Amino acid sequence: MPRARIVLWLSLTLRSARSLCRARYMEGYPQGPPHPAEMENGSEPCGEERAPEAQETVVTEGAAKIAFPSANEVFYNPVQEFNRDLTCAVITEFARIQLGAKGIQIKVPGEKDVQKVVVDLSEQEEEKAELKDGAPVAPGDQPRTAGVGEICEEGLRVLEGLAASGLRSIRFAREVPGLRCVVANDASARAVDLMCRNVQLNGVAHLVHPRQADARTLMYQHQRASERFDVIDLDPYGSPAPFLDAAVQAVSDGGLLCVTCTDMAVLAGNSGETCYSKYGAMALKSRACHEMALRIVLHSLDLRANCYQRYVVPLLSVSADFYVRVFVRVFTGQAKVKASARVKFSAACGPPVSPECEHCGQRHQLGGPLWAEPIHDLDFVGRVLEAVSTNPGRFHTSQRIQGVLSVITEELPDVPLYYTLDQLSSAIRCSTPSLLQLRSALLHAGFRVSLSHACKNAVKTDAPSSALWDIMRCWEKECPAKRERLSEASPAFRILSVEPRLQANFTVRDDANPSSRQRGLKRFQANPEANWGPRPRARPGGKAAGDTVEERRKLHQNKRKEPADDPVQRAARLKSFPCKRFKEGTCQRGDQCCYSHSPPTPEDPAAGASPDVPETSYQNLPGSGVAAGPGVD
């Protein structure tokens, strides 16, 4: 793994390793009756002995140090560090708001100097008031504080429903102040066993309580108002749709719900039927698919909450890398639930468009329903941005957080979706104007315009489509397209055959260049590493791991492409792949099959890991005094 130093733990017997793990876990485990948030389905998380992997990796992210199998048995993706950093920043500001209403001040690492100045100023003012009034300040009037790693009795109760290695929960405990407890849950026994050791490794057993249960069952068990969680974090592998119904019931009134969706192929329109079955909305293939995905997820959350007289208020909605992430607050209120339908006391009217587009002549496509309201709370986003900007050393991805949030604050909140420069230019088959030229033309015409954090070359504007196409027609006159090559039935011919009513001015204006662009902020992510993106699903035994994954990936690349004029080489290449039908017993071709019918060998990269690997245990367990080197920077 790039940018990570690896520590391998080998040897030691299985019995002594597991007994040492359980002994050290129970030393720091809270005694007495468990809290309702810590209840599960009747089994303790560390009660079983399980065969360990031959190797484990220790990585450092934020303030947490995590051990996880080198084999893909427990899911971990280092590319989502931005996701976890942003979540810590959002929960910190949420805790500041919630506890501030109770008179509790949180202490954030790195903000000590700022808080010291505030305390000094307040003390001077109090001394002046004492000199004037002669009344001393009562000790009970001093503000209460909550720090990182401390149990705050009136603090937030957090649930991570799918915790895997426990990295996110441990980071909450070590980086977010004002917490009462963090329940790290996972259905995998191996994952929960790993969480137990990671909790001990980081010394947060008093805050983080690993649990093994189905996330839906655990959340359904906490529907009562007194047992609900203040923060629920769901970051599943793929779609969170199976967990949303339980989540909107288990979060407290005004609580924070954080949801990640990595099934972007479904949300981006590659499978509209699947999107409808999971989220209750049809996704369309378009250049604005990333913001459409955010609005589909928000609508799905609100729809499920409405079933229980609840509704959602988005705080922050982000499209990043290969996933979307939404932060919403859930409230209870029948009047607001009725308003979610957007139509009151009357039947809905038909769409105000004809079957075909008036500009290009193509048929309209119907998608949705979508969330039509703003997808961010700009006041809350500003608080998070200010906190990260004044304390940039707190997170490794602080620069990207500042860039993304800065673009979000510049977005038009009341304009859904967006256009892209290449989309507009390719429609009329002409060269592409610069971003500043198109923004200037829209501003000269009296319309508002902004960027979008979801796409680098996006144009979000309140201009009607007729005005936007007039601007593009004027641009085509300056940079003519080859009209003789256009078919009369093509969209480009139909658009350009109409004379523009609006005369566009492409002179660049000073206010056309947004502040985030002028300051050169890191707004959009560059590829962080080779072969980055969604990782394989964690599987029992960790069959796809390490170099084997890379070898299999290289082996399967261009598998069915014809080699250059060499059928013999092609036949030999195909023989290196096992026949799937032969494994199932359905291949009828015998020796005539172009794929191999030989049984897989341990040396065959496509066959996965060998089943005859001897069991080894770890020589040094977390917390045994072994110094682990720094991991991911």
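Predicted model: local features only at pLDDT ≥ 70, side-chain atom pairs only at ≥ 80, totals over all residues.

Reader: OK, and which side chain does Asp422 meet in a salt bridge?

Author: That would be Arg287, with 2.6 Å from N to O. Arg287 sits in the loop between α9 (272–279) and α10 (289–306), while Asp422 is in helix α14 (residues 421–428), so the pair ties together parts 135 residues apart in sequence.

Reader: Is Arg287 buried or partly exposed?

Author: Partly exposed, because its relative accessibility is 38%.

Reader: What about Lys460, which residue does its side chain pair with?

Author: Lys460 forms a salt bridge with Glu291, at 2.7 Å from N to O. That pair also links distant parts of the chain, since Lys460 belongs to strand β14 (residues 455–461) and Glu291 to helix α10, 169 residues apart. Both Lys460 and Glu291 are buried.

Reader: How many salt bridges are there in total?

Author: The count comes to 23. One of them joins the side chains of Asp85 and Arg171, at 2.5 Å from N to O. Here Asp85 is in helix α2 (residues 81–100) and Arg171 in helix α4, 86 residues apart.

Reader: Are Asp85 and Arg171 buried or exposed?

Author: Both are buried. They also take part in a network of salt bridges that links Glu61, Arg84, Asp85, Arg171 and Glu175.

Reader: Switching to the nonpolar side. Which residues touch the most other members of the largest core?

Author: Leu86, Leu256, Leu316 and Leu405, in a core of 52 residues. The largest share of that core, 8 residues, comes from α2.

Reader: And what does Leu405 touch?

Author: Not counting residues up to four places away in sequence, Leu405 touches Leu86, Leu316, Val381, Val384 and Leu385. Apart from this core lies another one of 41 residues, including Leu159, Leu218, Ala247 and Ala293.

Reader: I see Ala293 there. Which residues is Met264 in contact with?

Author: Ala293 is one of them, along with His290, Phe322, Tyr323 and Val324, leaving aside neighbours within four places in sequence. Met264 lies in helix α8 (residues 264–267), and it counts as buried because its relative accessibility is 12%.

Reader: How far apart are Met264 and Gly238?

Author: In space, 8.5 Å from C-alpha to C-alpha, and in sequence, 26 residues.

Reader: Zooming out, how many helices and strands does the chain have?

Author: It has 21 helices and 14 strands. Of its 633 residues, 47% count as buried.

Reader: What share of the contacts join residues at least 24 apart?

Author: 73%, taken among contacts between residues at least 6 apart in sequence.

Reader: Last one, what does the accessible surface come to?

Author: About 31300 Å² for the chain, and 51% of that belongs to carbon and sulfur atoms.

Key. Residues numbered from 1 in each chain as written. Heavy atoms only, no water. Helix = DSSP H or I, 4+ residues; strand = E, 2+ residues; numbered from the N terminus. Buried < 20%, exposed > 50% of the residue type's maximum accessible area, 1.4 Å probe, protein only. Contact = heavy atoms within 4.5 Å. Areas by Shrake-Rupley, 256 points an atom, 1.4 Å probe, with all protein chains shown as cover. Salt bridge = Lys/Arg side-chain N within 4 Å of Asp/Glu carboxyl O. Core = buried A, V, L, I, M, F, W, Y, C linked by side-chain atoms within 4.5 Å.
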